[in-house]
Amino acid sequence: MSRLSRPALVFALLLTSTSALGASQWVQARTVLNTCGYFSTSQAEVTLTYRNDDLPWGTSVFLIYGWGGSGVDWAPAPQTVEVPAVAPYHWGTTVTGVIRARTSTQYTSINYVWKVVLPDGHEFYEKGNGSTYGYYAADFSQVPMPCTTTAGSFIGTPTSLNITTVVKN
């Protein structure tokens, strides 16, 4: 590769990416069965953290998410929440939802995209790939699910989840 073609290649790759170069993220979850006897519902509590040292002060971050599993990507419908800053260059939030009920679909992942709005109003979507409708997926199907008799009460230590990118055009 010549000295001139390498910078041109790097620039071309930069233009094709919709993801920020300095971004990283973490996802942890706890799940709970809302009864210790007859089955009723299960819930998940998912904590998501986004870090990007390249963003200017005054940047806003939003989480667009839905539950996935059993052939469903964004159930019941995509939700958008503003994500507060939790430290310099770090944004984090916790979401909860019913992931299994006796007469409904069982969800096994949280599917999401980070919407980043810069102070000048420009925005981009951090989704880990350049596809049109791509997103991240964090699978919580292997997270321990203890039972509790107090609905909405999560017990146990959060489990770190593996994050994958899903390409959709």
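1. Two strands count as paired if DSSP finds at least two bridges between them. The model discussed here is predicted. With that criterion in hand, the notes below start at the sheet and end at one side chain.

2. Five strands form an open sheet. Their order is β5-β6-β2-β1-β10, and the pairing is antiparallel. β5 (85-87) and β10 (159-160) are the edge strands, each pairing on one side only.

3. Strand β1 covers residues 23-33, and strand β2 covers residues 41-52. They run antiparallel to one another and share 11 bridges. Gln28 faces Thr47 of β2, and Val32 has Gln43 of β2 as its bridge partner.

4. On to β10. This strand pairs with β1 over two bridges, again in the antiparallel sense. Gln28 stands opposite Ser160 in β10. Gln28 also stands opposite Thr47 in β2.

5. Gln25 deserves a separate look. Where does Gln25 lie? Gln25 belongs to strand β1. Is Gln25 buried or exposed? The cut-off for buried is under 20% relative accessible area. Gln25 has 17% relative accessibility, so Gln25 counts as buried.

6. Which side chains make polar contacts with that of Gln25? One is Tyr112, at 2.7 Å. Another is Trp114, at 2.9 Å.

7. Neighbours within four places in sequence are left aside here. Gln25 is then in contact with Thr49, Tyr50, Tyr112, Trp114, Tyr136 and Ile163.

How values were computed: Residues are numbered from 1 along each chain as its sequence is written. This is a predicted model: local features need pLDDT of at least 70, side-chain atom pairs count only at pLDDT 80 or more; totals for chains, interfaces and linings use all residues. Side-chain values use heavy atoms; hydrogens and water are left out. Helices (H or I, at least four residues) and strands (E, at least two) are DSSP runs, numbered from the N terminus. Buried means under 20% relative accessible area, exposed over 50%, partly exposed in between (1.4 Å probe, protein chains only). A polar contact is a pair of N or O atoms within 3.5 Å; within protein, one must be able to donate a hydrogen and the other to accept it, and residues adjacent in sequence count only if both atoms are side-chain atoms. Contact means heavy atoms within 4.5 Å.
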